Amino acid sequence: MVERRPFLTFLSHAVLIMGILIVSLPVWLALVASTHGETAFTGGTIPMLPGGEGWRNYSTMLGKGISTSGAPPLAAMMLNSLIMALGIAFGKIAISILSAFAIVYFRFPLRQLAFWTIFITLMLPVEVRILPTFKVVADLGLLNSYAGLTIPLIASATATFLFRQVFMTIPNELMEAARMDGAGPWRFFKDILVPLSRTNMAALFVILFIYGWNQYIWPLLITTDARFYTIVAAIKRMADVADALPQWNFVMAAVILAMVPPVVVVIGMQRLFVKGLIETEK
Amino acid sequence: MTRSTFNHRLLPWVLLAPQLAVTAVFFLWPAGQAFWQSFLRQDPFGLKTTFVGLGNYAALLADPYYRSALWVTAEFSVATAALSLGTGLILALALERTLRMQRWYTTLLVWPYAVAPAISGVLWWFLFNPSIGILPWLLKGLGYHWDHGLKSGDAMVLVVIAASWKQVSYNFLFFVAGLSAIPASLYEAAAIDSAGPVRRFFTITLPLLAPTGFFLVVVNLVYTMFDTFAVIDATTKGGPGQSTTILVYKVYQDGFVGLNLGSSAAQSVILMGIVVLLTVIQFRVVERKVEY
Amino acid sequence: MKLTFTAAVAAIFAAGAASAATEITWWHAMGGELGTKLEQIVAAYNASQTEYHVTPVYKGSYAETMTAAIAAFRAGQQPDIVQVFEVGTGTMMAAKGAVYPVYQLMKDAGEPFDPKAFLPAVVGYYTDTDGNMLSMPFNSSTPILYYNKDVFKKAGLDPEAPPKTWAELAADSKKIIDSGAAKCGFTSGWISWVQTENFSAWHNQPIGTLQNGFGGLATELEFGKDAPLVKHWADLAEWQKSGIFQYGGPGGGNDAPPKFYSQECAIYMNSSASLAGVVANAKDFTVGYGMMPYDDSVKGAPQNSIIGGATLWVLQGKSAAEYKGVANFFTYLSSPAVQADWHQFSGYLPITQAAYDLGKSQGYYDKHPGTDVGIKEITLNPPTENSKGLRFGNYVQIRDVIDQEFQALLAGSETAQEALDKVDTRGNQLLRDFESANK
């Protein structure tokens, strides 16, 4: 801050508060909607203040769900989402750190080719290759399985690049010293690289957890068994009922529940998240 | 700087094996299939297949609705990027001027990033719902008859707002990081030259933020082109007419709903081309940033 | 919390692995209350015998269910039975190697099966030109007219006399609006199905060549040549401007029902299967029922309405034992008791004469007025070439085209004639694509 300008400072606070209010509005209304009964939505406008049905709505959704709208108990779906998010986060971190290690610390024939093969995954978002990927997963018998939910999504160039970047900043002397001590590649990896990239791993974890939790079209397509439904994918099924109206109070309760875990992770690990976000995208 | 390396023939391949295997099985092979499919005409069940060469591509380019989807995508991406970048920048600049409470403000502004696009779509659909939504009701009070079911302009505004919402947090964070990297001494020097805040913004802040901004433009364009599928699906479903049908939504519509796999695959291939282009630009920018 | 969850998981597992019976999978698109009822029907079947076990799986909307089944078929993971909406019929029929025609299935499995027991207006839609039934009708419905008797009374209209013709409907609506009884005259679900396809059948007009596509893949659309339809679309656009009509959105028209429930619109046209929802939501007023209006200047109107809804298709590639189970399950599904129960609960039409007769002998239709309006409409006259149904390929997309052009009409960028002509040109392109993919 260079000089005092009370008006500008006031304006800044006002802008931020306005921003927060606008950003929060949809979630506030969803929260309100999730505390009313079914009848509050049949006509006119939605209520602006919470009602008294919140407890009933949430316990219904968590414990019973609305099975006929493709929504088994939400608790079970949230567990599936958690497994998927953790599987993707850990899987990606594990395979990326290994491949980054290979690319930075080894010279071998076809190294460039390997690098480009990984790089190309950046260019193929799941949306554009979804039908053939579905077929591959089906051929491997992975429909309706946690492996099918996670493995096709764990290959990613961004995580590999992040680790590559981190490894490049590790001074060469460390490597020399390790070699002097007669440390093999595995010990070097375990004792030096992993500890040094711990914060990066944690930061990456936040980003990948959110990525995994928020997956939508992939779980929607490959799960036909309610035991494997994830919560984000199921919300669409709930909102889209044939020959009937959406049960807004339940849908919004599900929306809130689907939002809570990733939001908690982001807020709880805010510093790591910001770091991870800014570094993965570099 | 040459980096010391280990001498090993087999080990690097072992280390790379998991990632390469997943890439080959779930990326390269399906992408190859999509590529091949784009030259075929097939009935939905895959019972009859004819090779049509570039027929699917020719049909697409001749289709006015495909060309309009290109245009809609451009319009939507630019509007979304502009709205979310502009808002993110204003909030970041405001944050810079507040000394206390920075952390609180940041916390209260970052969380939408964690919300899935599918969910933000449902939220905005609810807000703009013509029969029970709060916003059409407020607008009616202001004398505007909101109708995204019929007015293509309204529909576009709706999807742009819904898509921008969670992206604002992202851009905000990057601008905050970019702003904090600008040395305070520059501002002090300018203040001594008695440059006011507005002039300082244009002579110091904006040029020094430009690399961040440019990088964000590319990232935002990629986001709007691919990750907004769920937003469109939950709000307008591409309508009215095809006024909010963006390319990725059309791939889905023609492939999943229309079951025209050849055309859908050809569209995927065109999209891949666009992503490659954007990725190359992004890397160029990143390199420049590194140099800088 | 944890306990509930464990219990829930245990319940799901238990349901999945009930016994060593032959497992039959049925993918369906029935959400909400209808889904609950469907699950009850299946549970009753599973409890009635031990040889087969049917597992119903809700797959989302009709379009999603169909796409999922096709993707699964391509990957060799198809269900035994899939519920496909009526507009997917053309696609399913053309896929000769993928579907197991029901008449064939019943013959091969040795199940007693009499095609004549079914209501012709229902099964006609799903029968090939040789009279063979290709799929099993399950939930068929037809559009009817719902109206708010209280509003009619307030406007000084006879609450027992719903409008019979479109002219009467317009006049009644005007009275309703002018008297301040309601803000809008009528709204409608499914512009494509209710206000377009059914309108043409009701007025005995063709919308495509070769008997609306029954005659072969070379069929062409001719919505634009259907003069009463062009006039009707023009009227709708006019009425929308004057407030008599309010548009309920594309596809099923999700915004239409709330307009009726909140008494904003006095009249509402939608599927007879919406009845349960209407009764449940119309809390503050009395609902009346009527047949769809007709244009009395068209000779021969009203003819008969056509159905919508969905049928069950059996997919190829399963074991003979499973097919025996499917056939057995179909016999159960079409039995009069099950049919009458499903029909009376949901508002879908009964698919057999026996189920209809059962309802009559139970006095159901006297106790529940309005529930037989749909049946009366589809059986009003013996179906003609124009009122038997439609069979166009890629019709899912053509429906989208109809919605898009209707929106263009309402937005004022096209006239009714232009809009319907564009439906023809764009739709014919889709038909030619379909023809060449299925040759």
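**Exercise 1.** In which loop of chain C is the place of C:Pro302?

Solution. This is a predicted model, in which local features need pLDDT of at least 70, side-chain atom pairs count only at pLDDT 80 or more, and totals for chains, interfaces and linings use all residues. Residues are numbered from 1 along each chain as its sequence is written, while chains are lettered from A and ligands numbered from 1 in the order in which they are written.

Step 1. Strands (E, at least two residues) and helices (H or I, at least four) are DSSP runs, numbered from the N terminus.
Step 2. C:Pro302 lies in the loop between β10 (287-290) and β11 (308-315) of chain C.
Step 3. The peptide bond leading from C:Ala301 to C:Pro302 is cis, with omega near -10°.
Step 4. Most peptide bonds are trans, and most residues other than glycine have a negative phi.

**Exercise 2.** Find whether A:Leu110 is buried or exposed.

Solution.
Step 1. A residue is buried if 20 or more other C-beta atoms, placed from the backbone, lie within 10 Å of its own, exposed if 12 or fewer, and partly exposed in between.
Step 2. A:Leu110 has 12 other C-beta atoms within 10 Å, so A:Leu110 is exposed.
Step 3. A:Leu110 sits in the loop between α3 and α4 (111-120) of chain A, and its phi is positive, near 70°.

**Exercise 3.** Is C:Asn394 buried or exposed?

Solution.
Step 1. C:Asn394 has 27 C-beta neighbours inside 10 Å and therefore counts as buried.
Step 2. The loop that holds C:Asn394 runs between α18 (373-378) and α19 (395-410) of chain C.
Step 3. The phi of C:Asn394 is near 50°, a positive value.
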